Amino acid sequence: MAKAAGVSAMTVSNVINDRPNVRPSTREKVLEAVARLDYRVNVAARNLRKGRTGIIGLAVPEVDSPYYGRLAAAIITAAQRRALRVSIEQTASRENELDALSLSRNHQYDGLILSAAGMSQADAERLKVEHPVVVLGDRIFGGPVDHVAMPNREAARAATCHLFEQGCRRIAFLCGAVEEVNPSSLRLAGYREAHEAADLPADPALVQFVDRLGMREGAQRAREMAESGLDFDGVFCVTDSLAMGVLRGLADSGIRVPDQVKVIGFDNVSESEFLIPSLSTVDPDHDGMAERAVDLLVRRIEQTAHSTRHRDFVGRFSLVVRESTRG
């Protein structure tokens, strides 16, 4: 390559790695030779010289849910732009999250992105490991690692206000177990804040809990709500999976959406656009969160000195209004 371009091997390396202090004419000459010879960088060899594998780990609670599938795809795309590959593992419990955290170096990852659903603030000290880690989620704030979270309260408040604006006055809220800090508790707080802002009482009977945030549970709870005679004209679900099930359960009960009850979810998974009716939802900017998580991890991998300054990033959101709340 250096011979073909008429420059030194060091100059070729500087151009390929986009280093400064290369004259434009020289850079153009090297790039022309790269294109002419169809040169490909040997990423594996380059990583080996740096003592890296070129692989990052992604640990998520479950791999078969629409949300985590969407998240994984976004992280893989962000990693590919940085010539990194992603190895995915399912945790499903706090113990497995701790194992993923402690064993990620043994799996030869350069760093780990951990979506924490079982670990909590009490486990923050367990995040003090020697390899780079970025945590996703709301369970651990102020820990000794970089952290990326959703704007759960703000987004839930906006979703509830949207239902109010569409004429709803008795909005059911479907969620999982409410713990000190988790998506259900944060979104419940936003739901209540919207009621306060609208000067409407939040009826405790409208807060409905399910064991799992899935479609089957949403459909079953919607049927139970209808059969019990509970008075509601809107439903806000903490996940799109729950909301998809609610749409089915309401249809089974002869309740028309959006004419009689309006429904909104959270996550904007791809399936939500193609339902009948299509599902209104909160888009938490998966791509932006994934981009930031990978960027933070790469910065940790590439830094030469250990830094104790860690960053907390809260993403953006937008409401995606579709047929399930129009009318």
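## Helix H10, an enclosed helix

Of the 13 residues in helix H10 (residues 240-252), 10 are buried, so the helix is largely enclosed by the rest of the structure. Keep in mind as you explore that this is a predicted model. The buried residues include Leu242, Met244, Val246, Leu247 and Leu250, along with Asp240 and Ser241. What do the buried residues of H10 pack against? Their partners are helices H5 and H9 (215-228) and strands S6 (171-175), S8 (234-237), S9 and S10 (281-283).

At 1.5 Å a residue, H10 should span 18 Å, and its end C-alpha atoms are 18 Å apart, which agrees. After H10 comes Gly254, with a positive phi near 75°.

Now look at strand S1 (residues 55-60). Here 5 of the 6 residues are buried, so S1 too is largely enclosed by the rest of the structure.

S1 pairs with strand S2 (residues 85-90) in the parallel sense over 6 bridges, and Leu58 stands opposite Ile88 in S2. Together with helix H5 (residues 66-80), these two strands make a right-handed β-α-β unit. S1 also runs parallel to strand S3 (residues 112-115), joined to it by 3 bridges; there, Ala59 has Leu114 as its bridge partner.

Lys262 sits in strand S9 (residues 262-264).

Note on methods
Residues numbered from 1 in each chain as written. Predicted model: local features only at pLDDT ≥ 70, side-chain atom pairs only at ≥ 80, totals over all residues. Heavy atoms only, no water. Buried < 20%, exposed > 50% of the residue type's maximum accessible area, 1.4 Å probe, protein only. Helix = DSSP H or I, 4+ residues; strand = E, 2+ residues; numbered from the N terminus. Pairing = 2+ DSSP bridges. Right-handed = clockwise from strand over helix to strand, strands pointing away. Expected span 1.5 Å × (residues − 1). Contact = heavy atoms within 4.5 Å.
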